[in-house]
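My entries follow in the order in which I made them.

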Amino acid sequence: MSRRLPIDFRTAVVYQIYPRSFCDSNGDGIGDLPGITARLDHLQALGVNVVWLSPIYASPQDDNGYDISDYRAIAPEFGTLADFDTMLAAMHQRGIRLMMDLVVNHSSDEHPWFQQARSSRDNPFHDHYIWREPRRGADGERQPPTNWEAAFNGSVWEWNEPTGEYYLHMFSRKQPDLNWENPRLRGEVYDIMRFWLDRGVDGFRMDVINMISKPWRDDGSLPDAPVVRPGFLQPGFAQSCNGPRLHEFLAEMRREVLDLYPGCITVGEAPLATVEEGRALTHPDTGALNMLFQFEHMDLDSVGGHVSGKWALKPLNLRDMKRTMQRWQDALDGQGWNSLYLSNHDQPRPVSRFGDDSPEHRVASAKMLGTWLHGFQGTPYVYQGEELGMRNVAFDRVEDYQDIEIRNYWRTAVLERGEDPATVLRSIHAKGRDNARTPMPWQAEAPHAGFTCGTPWLPLNGDWPQVNAQTALHDPDSVFHHYRRLIALRQQHPILAMGQTTLLLPEHTAIYAVLREWQNQHWVIVTNWSSAVHEVPFPSEWTTRPAQLVLGNLSARRGLGDERHRGPTEIKLSDLQLQPWEGLIVSLG
Ligand code: TEU
Ligand code: CA
């Protein structure tokens with residue numbers, strides 16, 4: 001068993017691996033654990049010190065592993081427990097900690113618990129899940145207990161004939177929600193956590209953890225969702241977020257598990273969490289978790305908000321991003337802790353979404369976005385391929401997409417609601433989760449850039465001859481080396497991780513500038529989110545002070561943080577012009 005490596009989560013930088021798409025060692029076209037072990041040098045060169053590993057447990061892979069059928073077994077396509085121990089030891093030898101993905105809002109319907117539970121109302125596992133009698137319509141016809149639409153479309157209620165009742169699934173029908181009201185179920189979850197912590201794991205990313213407490217009414221029923229559109233089904237996701245017993249359950253998890261493993265790193269995925277919820281979840285004294293993933297900044301470029309509205313596209317207004325990010329910086333400063341992310345396995349590639357992924361601006365804008373993100377208070381998360389400036393894909397046929405969310409959206413929108421296929425495909429190109437799930441390109445080598453010697457489970461992005469790890473490693477101006485310099489800066493200068501953040505130029509529609517202050521140090525991070533040159537109208541109080549360039553993302557202005565920099569590093573803020581997609585970190589005297 002490999003010894004756990006405690007770390008201060010606030011100064012860590014986390015790298016997320018989506019195992020299916022990281023590296024395939026045995027030619028079956030699916031990434032696996034030996035493939036991860038073989039590529040740890042890449043992570044060490046980047047300088048990250050924690051890995052968040054998306055689920056590797058036994059699963060029918062209905063939602064690519066977020067549907068678990070055995071929490072203590074490794075899915076055979078990813079390898080064995082021995083492969084896991086080898087990988088963990090190799091990570092620890094490099095000073096890299098491992099956070100496993102804890103998916104306990106729901107299990108797979110192929111989990112033995114559910115197989116038992118669905119067989120009879122008297123089965124001892126029946127109460128591990130959420131069952132409800134049907135409602136009856138005017139003509140006595142059977143109706144689901146609530147009008148909630150599932151995250152992957154359709155009702156959240158699935159009929160189970162053997163017991164003559166519905167079960168709840170907020171996601172796919174193969175992901176039945178676990179019943180956290182049941183103390184036996186909660187005890188099973190804590191046992192699973194201890195199993196992995198005793199194996200040397202360093203912490204957990206907790207999948208939709210703020211959904212585990214459902215809004216039960218005294219009579220044991222659940223409320224309908226507000227009617228916001230025609231038809232029976234209404235967006236139901238919010239109904240199951242931030243429920244009444246959430247903090248009670250997490251306080252118990254902390255007593256039963258987390259406090260018994262000092263240094264255990266935890267991050268809770270909390271869709272639709274408010275800043276008040278964020279403080280309650282991550283308060284340094286009373287919170288159960290170290291940090292959270294909130295989603296407000298991920299919902300700014302869609303009309304209808306999280307999940308149900310993600311496909312209705314609208315352009316990002318940079319002032320919305322400024323207001324959202326600053327609200328979370330202010331709310332958790334000294335009161336909690338932010339994760340910092342633009343990218344993960346559920347989100348499109350940032351350089352395509354927020355930057356400019358054209359050949360002219362891809363590298364600069366990817367490096368600018370990295371500068372911006374690493375310039376806040378919190379713990380940055382780098383998602384595999386983000387450090388290469390990987391772009392979205394745009395498959396011509398919906399059949400080429402694998403993600404259940406994409407496929408169900410297409411079926412519901414086009415086949416059931418008759419929406420325009422071209423419009424729906426455009427939304428999938430912009431927001432589909434497979435954008436982030438194309439396999440990692442390791443070198444400019446046909447046929448599959450070193451990801452596999454077989455046929456990849458999902459096609460690679462066609463730009464792998466230009467966008468791959470080996471090319472990036474040998475190009476000092478690459479996104480990879482800029483991320484490496486940013487991560488090194490954060491580990492050398494606590495002001496980046498710990499300092500207070502003040503928003504400057506709140507109304508500017510292209511320039512994003514923040515002031516960072518820590519123990520009498522003052523730094524400014526200023527970025528240009530456009531393809532145009534912009535003057536930066538800094539407040540006069542900052543333009544009269546001497547300023548040193550710490551790190552820039554363009555070769556014309558590199559700064560002290562770039563090992564190649566030579567010559568003066570003074571920079572004048574009084575007449576600063578930023579080039580397209582330029583990002584600067586500046587220290588003030
Ligand atoms: O995602 C939770 C979540 O909020 C999803 O609605 C996700 O953000 C959405 O698909 C984006 O459009 C977590 C996992 O990260 C995701 O991969 C799983 O599909 C989901 O939970 C169910 O486990
Ligand atoms: Ca494989």
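**Calcium site**

I first noted the spacing of the donor residues of the calcium ion (ligand 2) along the sequence, which reads D-x1-N-x1-D-x1-I-x1-D. The model is predicted, so I kept in mind that local features need pLDDT of at least 70, that side-chain atom pairs count only at pLDDT 80 or more and that totals for chains, interfaces and linings use all residues. Residues are numbered from 1 along each chain as its sequence is written, chains are lettered from A and ligands numbered from 1 in the order in which they are written, and side-chain values use heavy atoms, without hydrogens and water.

The protein donors are D24 (OD), N26 (OD1), D28 (OD), I30 (O) and D32 (OD), at 2.3 to 2.4 Å from the ion. Donors here are N, O and S atoms within 2.8 Å of the metal (3.2 Å for Na, K and Ca), and sites may look incomplete because water is not among the atoms. I recorded D32 as buried because its relative accessibility is 2%; buried means under 20% relative accessible area, exposed over 50% and partly exposed in between (1.4 Å probe, protein chains only).

**Strand β14**

I then turned to β14 (residues 265-269), where five of five residues are buried. Helices (H or I, at least four residues) and strands (E, at least two) are DSSP runs, numbered from the N terminus. In a regular strand the side chains alternate between the two faces of the sheet. I found I265, V267 and E269 on one side of β14 and T266 and G268 on the other.

Two strands pair if DSSP finds at least two bridges between them. Strand β12 (residues 203-206) runs parallel to β14 with four bridges, and strand β15 (residues 291-293) runs parallel to β14 with three. V267 stands opposite R205 and has M291 as its bridge partner in β15.
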